[in-house]
Amino acid sequence: MRTSRLRTVHPVLWAGWVALAAGAVLCVVGWYGVSGERFAERQLPYLASCTIPGAALIVSGAVLLAHGRNSVAAARVEELYGLLVAAEPADAEETGQAALAPLAVSGELLMVPGGTLWHRADCPLVAGKAEAVPVDSKLAASGELGPCPICEPAEETD
């Protein structure tokens, strides 16, 4: 089901490609007409009827392609969000249970150099990363580091 949806091309993308192709054809026809005329007054009709509309079609095709790709990306994000929400247990709200277990329970706090958050050592965002180092107490005390929203470590450091 998912692969068939991903293989379909959004209509805005088709319109963008068609506009780009038509614009390119018009520009080529305009160039050919202008190149065959010696005097400027005989070249102007080709510019007005082919080259300028062709350039406008190329620009509009590029805009349609950019918009179409954004809407396709937004649809994919929406689909992934739907899958994420569907993965949560449906009976958790009915039984009144909160989360089954916290994501991270380690007492050791780590940070990534240049980052803005501190994490528990078993947080999925830093677990197994060689660049993760223990939290610098000066950075935490100055307020430059905040708690990770995923593992939610305690506000105080060691």
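**Briefing: confidence, helices, sheet and cysteines**

Confidence in the chain is highest in helix α2 (residues 11-35), at a mean of 89, and lowest in helix α1 (residues 2-7), at 50. Where pLDDT is low, the predicted coordinates should not be read in detail.

**Annotated transmembrane regions**
- An unreviewed UniProt entry places the feature "transmembrane region" at residues 12-34 and at residues 46-66.
- In the model, residues 12-34 are 100% helix and 0% strand, and the C-alpha atoms at the two ends of this span lie 32 Å apart.
- Residues 46-66 are likewise 100% helix and 0% strand, with 29 Å between the end C-alpha atoms.

**The sheet**
- An open sheet is formed by 4 strands in the order β3-β1-β2-β4, and its pairing is mixed.
- Because β3 (133-134) and β4 (146-147) stand at the edges and each has a single partner strand, one side of each is left without a neighbour in the sheet.
- Strand β2 (residues 117-120) pairs with β4 in the parallel sense over 2 bridges, and Trp118 stands opposite Pro147 in β4.

**Cysteines**
- A search of the whole structure finds 0 disulfides.
- For Cys27, the closest cysteine sulfur is that of Cys50, at 8.9 Å, which is too far for a bond, because a disulfide requires the two sulfur atoms to lie within 2.5 Å.
- Cys27 counts as partly exposed, at 21% relative accessibility, whereas Cys123 counts as buried, at 0%.

Notes: Residues are numbered from 1 along each chain as its sequence is written. This is a predicted model: local features need pLDDT of at least 70, side-chain atom pairs count only at pLDDT 80 or more; totals for chains, interfaces and linings use all residues. Side-chain values use heavy atoms; hydrogens and water are left out. UniProt positions are given in the numbering used here, feature names are shortened, and annotations may be inferred rather than shown by experiment. Buried means under 20% relative accessible area, exposed over 50%, partly exposed in between (1.4 Å probe, protein chains only). pLDDT is the predictor's confidence in each residue, from 0 to 100. Two strands pair if DSSP finds at least two bridges between them.
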